[in-house]
Amino acid sequence: MVFTVIIILVAIIIALLIYNIIISTRIKNFKDINQKVTSLNVLQDFMSTVGDASSVDEKIAKINDILIEQYAIKYSTIVIFDGTEYVVKASNVDHKHWDTLRSLQDEEIFKDSITTTKPKYITVNKEDERLPYQKMEFGRAKSAMFFPLYIDNVYIGYWIIESGKMHAFDTVDTTILEVVKENIISILKIVSYQNIVESITRQDLYSDLKTAEYLYEEGRNIIDKYTTSTICMFKITNLEETNRRVNRDTGNQMIIDVCDYIKDKISPEYLFVRYMGPKFAIAFSGIEIDGVVEFLNDLKKEVEALQVEDVIATEQNEKSKTGKKKKVVMTNPKLNFVLTTYYKGTALELVLKKLEEYLDTADANESDINNI
């Protein structure tokens with residue numbers, strides 16, 4: 001009888017062990033699936049952020065916010081080397097600690113991590129201790145994980161996560177965090193191209209207009225608020241002739257007069273840039289072609305009625321002490337316009353290239369408003 005009871009108890013114990021193993025496996029699988037779903041959601045949020053109408057810095061800040069929310073991270077900081085110095089691009093840590101956070105590459109404890117490209121985990125073992133890189137602060141962070149960031153084997157900065165608890169990352173799955181780090185790198189790589197465009201936009205000296213690069217970044221964000229817009233490009237067809245026949249100073253004055261007149265005539269919500277040389281572009285955001293043709297016809301007549309005087313001859317006449325006056329040549333600008341429709345989300349740079357090619361191959365005497 002006793003033997004039978006023992007056998008039954010052993011069987012129950014074995015059954016319970018098997019059941020616990022099955023439950024444990026299912027829980028682990030569930031956690032893995034949950035982590036994968038979270039990672040997919042994070043990646044999706046990352047990609048949505050890349051497509052947002054915002055600057056590079058705003059996008060990186062949003063990415064950091066996503067990490068903090070999705071992975072329940074206490075503190076998260078992304079530091080990037082901009083070519084001259086290390087800059088905190090995103091952080092939810094108080095600004096007073098940023099000088100410390102952007103100098104971690106100089107800390108001995110992280111140098112091997114940067115060299116080996118492997119993450120570094122540090123923690124304190126007593127409440128009254130502080131992490132090696134903390135100079136003046138106590139209590140904010142008791143553990144941290146440091147991830148060096150590389151793009152194409154070039155070190156560009158680091159991502160550091162911190163916790164106010166000791167040993168907070170002892171049981172964290174570092175493979176998941178490595179995936180997150182790679183996602184951060186991928187996004188930084190994508191937005192780096194946007195950063196290039198943002199940094200090369202200039203203010204043109206003579207026209208006082210932004211250069212064409214403006215349309216590809218900040219300008220596109222304005223244009224893409226609408227489903228369709230009209231893109232106009234025009235060329236001062238006699239600018240080169242004026243430079244050659246009269247002088248370059250007069251040609252520069254022609255650019256100034258033409259652009260000043262057009263700026264006064266168009267709404268500030270429309271984007272007007274100097275595209276290249278004698279070519280200029282106007283983006284009529286949210287306006288159909290039919291809505292601008294008549295306006296441009298009138299504008300063209302008014303601009304071509306402007307008279308630009310020989311700048312050098314005028315200056316010499318003003319300075320002359322002999323009373324002899326040089327003949328001042330008057331020149332009227334001649335414009336050739338071409339229009340097309342731009343659809344939200346399509347390649348704006350290709351649309352502009354198409355307009356440019358049309359103007360460059362048009363007959364030198366063409367002076368119309370064409371729709372392509």
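Colleague: How do strands β6 and β8 run where bridges join them, parallel or antiparallel, and how many bridges are there?

Modeller: Bearing in mind that this is a predicted model, strand β6 (residues 210–211) is joined to β8 by two bridges, and the strands run parallel. Since pairing requires at least two bridges between strands, the two bridges found here meet the requirement, and therefore β6 and β8 are called paired.

Colleague: What makes β8 largely enclosed by the rest of the structure?

Modeller: A residue counts as buried under 20% relative accessible area, and in strand β8 (residues 271–276) five of the six residues are buried, so the strand is largely enclosed by the rest of the structure.

Colleague: Which strand forms a hairpin with β8, and what is known of the turn?

Modeller: The hairpin is formed by β8 and β9, with two residues between them, and Gly 277 in the turn has a positive phi of about 55°. Pairing between β8 and strand β9 (residues 279–284) is antiparallel and extends over five bridges, with Met 276 bridged to Lys 279 of β9.

Colleague: Where do these strands sit in the sheet, and what is the order of its strands?

Modeller: The sheet is open and has six strands in the order β6-β8-β9-β7-β12-β13, with mixed pairing. Its edges are β6 and β13 (369–371), each of which has a single partner strand, so one side of each is left without a neighbour in the sheet.

Colleague: Which helices lie across this sheet, and at what angles do they run?

Modeller: Helix α10 (residues 293–304) lies across β7 (228–236), β9, β12 (335–343) and β13, and runs at about 155° to β12. Helix α12 (residues 348–361) lies across β7, β8, β9, β12 and β13, at about 35° to β7.

Colleague: Why is Phe 337 called buried, and what is it in contact with?

Modeller: Phe 337, which lies in strand β12, has 0% relative accessibility, and because the cut-off for buried is under 20%, the residue counts as buried. Leaving aside neighbours within four places in sequence, Phe 337 is in contact with residues including Cys 232, Phe 234, Leu 296 and Ile 369. Phe 337 and Ile 236 are 101 residues apart in sequence, while their C-alpha atoms are 9.2 Å apart in space.

Colleague: Why is Thr 331 called buried?

Modeller: The relative accessible area of Thr 331 is 4%, and as buried means under 20%, the residue is therefore buried. Thr 331 belongs to strand β11 (residues 330–331), and its contacts beyond four places in sequence include Asn 238, Arg 245, Met 254 and Val 308.

Colleague: How many disulfides does a search of the whole structure find?

Modeller: The search finds zero disulfides, a disulfide being a pair of cysteine sulfur atoms within 2.5 Å. As for individual cysteines, Cys 232 is buried at a relative accessible area of 0%, and Cys 259 is buried with a relative accessible area of 0%.

Colleague: What is the order of the five strands that form an open sheet with antiparallel pairing?

Modeller: Their order is β2-β1-β5-β4-β3. The edge strands are β2 (86–91) and β3 (120–123), each pairing on one side only. Neighbouring strands of this sheet are turned by 20° against each other on average, direction ignored. Helix α4 (residues 108–116) packs on the sheet and touches β3, β4 and β5, its direction making about 35° with that of β4.

Colleague: What makes β4 and β5 a pair?

Modeller: Strand β4 (residues 143–151) and strand β5 (residues 154–163) share nine bridges in the antiparallel sense, where at least two are needed. Phe 146, for instance, stands opposite Ile 160 in β5.

Key: Residues are numbered from 1 along each chain as its sequence is written. This is a predicted model: local features need pLDDT of at least 70, side-chain atom pairs count only at pLDDT 80 or more; totals for chains, interfaces and linings use all residues. Side-chain values use heavy atoms; hydrogens and water are left out. Buried means under 20% relative accessible area, exposed over 50%, partly exposed in between (1.4 Å probe, protein chains only). Helices (H or I, at least four residues) and strands (E, at least two) are DSSP runs, numbered from the N terminus. Contact means heavy atoms within 4.5 Å. Axes are lines fitted to C-alpha atoms, for helices over the stretch in contact, and angles run from 0 to 180 degrees between N-to-C directions.
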